[in-house]
Amino acid sequence: MNLEDIKPDVVHDVVGTFCPVPIAETSKVMKSMKIGEVLELIADDPGVVEDIPAWCNATGQEFLGMYQEDGEYHLFVKKVKEL
Amino acid sequence: MNKRAVALLSGGLDSSLAVRLLKDQGVEIKALYFYTGFCITEHKRRLGLKKENGQQYVNPAIRAAAQLQIPIEVVDISQEYFNVILHPKYGYGKNVNPCVDCRILMLKKAKDIMEREGYSFVITGEVLGQRPMSQTREKLKLIEREAGLEGYVVRPLSAKLLPMTVPEKLGWIDREKLLSIKGRSRSRQMELAKKYGLEYEQPAGGCCYLTDENYAIKFKESLAVDGLITREDLVLFSVGRHLRLPSKTKLIVARNEGEAKFLMTLKHRYDYAYRKDGKGTFVLIKGDMPEEEYQLVADIVSRYSKREPCYVILSIKGEQREIWAQPIDNASLDSFKIYTKKGAMR
């Protein structure tokens with residue numbers, strides 16, 4: 001899947017926060033989402049590059065990919081099961 | 001149905017092993033990681049610090065959960081934790097670590113999640129006698145009772161040395177397969193880690209920096225002098241050198257680029273000073289500083305900016321001043337340090 005083609009259902013900006021806050025936020029937001037919906041997380045903590053895929057791996061959510069732009073990371077996560 | 005539990009997972013060796021032991025008994029486990037606002041990983045990343053090998057510091061709990069293949073929920077308790085750290089019912093440990101109150105708060109939260117989501121008990125990696133403040137037999141009992149979880153906290157690493165819990169009595173888990181580890185030595189845990197192929201963070205001690213002595217000194221000094229501590233102060237205690245001027249104004253001097261960058265993000269709310277040509281430190285000024293201390297601050301900036309005479313910019317209430325400064329001498333500087341070189345409080 002091409003990242004440009006993804007239309008996120010929810011965009012959440014956590015720029016300025018650092019681990020573990022981005023994960024806590026992701027967890028909170030995704031709880032309120034429906035299965036099949038996609039979250040775009042925007043963060044500037046470079047650690048999210050490892051944390052979010054690891055969190056997806058642990059919780060069974062689908063990590064779709066990410067790109068970096070102007071020092072910010074855009075990460076896409078699809079909710080595939082309840083949290 | 002009853003073989004479902006929530007586990008307090010810091011990502012350290014003990015909590016990882018505790019989870020592994022019960023996972024092997026077929027317990028379905030969800031990990032909980034509590035964000036208190038005093039997380040070492042967060043602190044290091046905020047300052048842009050990296051490991052010696054150039055890699056990012058990774059949150060150990062997230063990594064452990066991925067490794068153990070269990071879901072993890074990061075629970076933000078930083079708001080409530082702020083009250084706990086200022087007014088701990090059971091006091092502080094050696095530094096400003098309110099470990100007993102902290103455990104009670106975490107277990108209460110775990111209980112809420114357990115009940116709401118249909119889990120039956122709580123797992124922790126506590127080891128009897130490992131930590132003098134919170135892991136004595138008496139304290140473990142107290143913590144459990146205060147959290148309303150009597151009999152429902154399973155501590156697999158020390159279980160055989162502790163009273164039988166409800167999940168053991170009812171046969172949900174097998175007590176015989178649990179362990180009898182005690183004390184501060186971690187050799188048994190390391191053996192087990194090797195056996196299970198578990199990777200873990202070294203050194204131990206979890207992700208909390210309230211047990212840090214330098215942090216505690218700044219905390220206690222501020223409480224004594226300012227009589228008030230804000231949430232922002234709790235972050236600032238972990239950054240920079242702290243100096244207290246005769247007027248009680250506090251200076252926070254960046255020790256490296258990461259700290260300078262972080263302190264600069266607070267420029268809009270505080271007065272500050274820096275070497276004009278940029279070849280030096282950045283100093284945040286907290287408090288209403290009288291004019292007679294302007295020169296002193298400039299001299300301190302000069303001392304921490306390559307110890308060279310230089311022009312210093314002071315930004316006071318939005319107004320910029322340029323001051324010629326000479327590095328302050330060590331004896332004067334020492335008198336402003338919040339603790340002496342021996343570490344004793346002033």
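**Sheet, chain contact, domains**

Modeller: Chain B has an open sheet of five strands, ordered E3-E2-E1-E4-E5 with parallel pairing (strands pair when DSSP finds at least two bridges between them; strands of at least two residues and helices, H or I, of at least four are DSSP runs numbered from the N terminus). The model is predicted: local features need pLDDT of at least 70, side-chain atom pairs count only at pLDDT 80 or more, and totals for chains, interfaces and linings use all residues. Residues are numbered from 1 along each chain as its sequence is written, with chains lettered from A and ligands numbered from 1 in the order written.

Biologist: Which strands stand at the edges?
Modeller: E3 and strand E5 (153-154) of chain B; each has a single partner strand, so one side of each lacks a neighbour in the sheet.

Biologist: And what packs on the sheet?
Modeller: Helix H1 (residues 21-31) of chain A, touching E2 and E3 of chain B. Its direction makes about 105 degrees with that of E3(B) (axes are lines fitted to C-alpha atoms, for helices over the stretch in contact; angles run from 0 to 180 degrees between N-to-C directions).

Biologist: How many residues does the chain contact take?
Modeller: 21 from chain B and 18 from chain A, where contact means C-beta atoms, placed from the backbone, within 7 Å.

Biologist: Switching topic, what are the domains of chain B?
Modeller: Domain 1 (4-196) and domain 2 (213-336), with bounds from an automatic or database domain assignment. Their centres, taken over C-alpha atoms, are 38 Å apart.

Biologist: How many residues are in contact there?
Modeller: 10 of domain 1 with 12 of domain 2, in chain B.

Key
Two residues are in contact if their C-beta atoms, placed from the backbone, lie within 7 Å.
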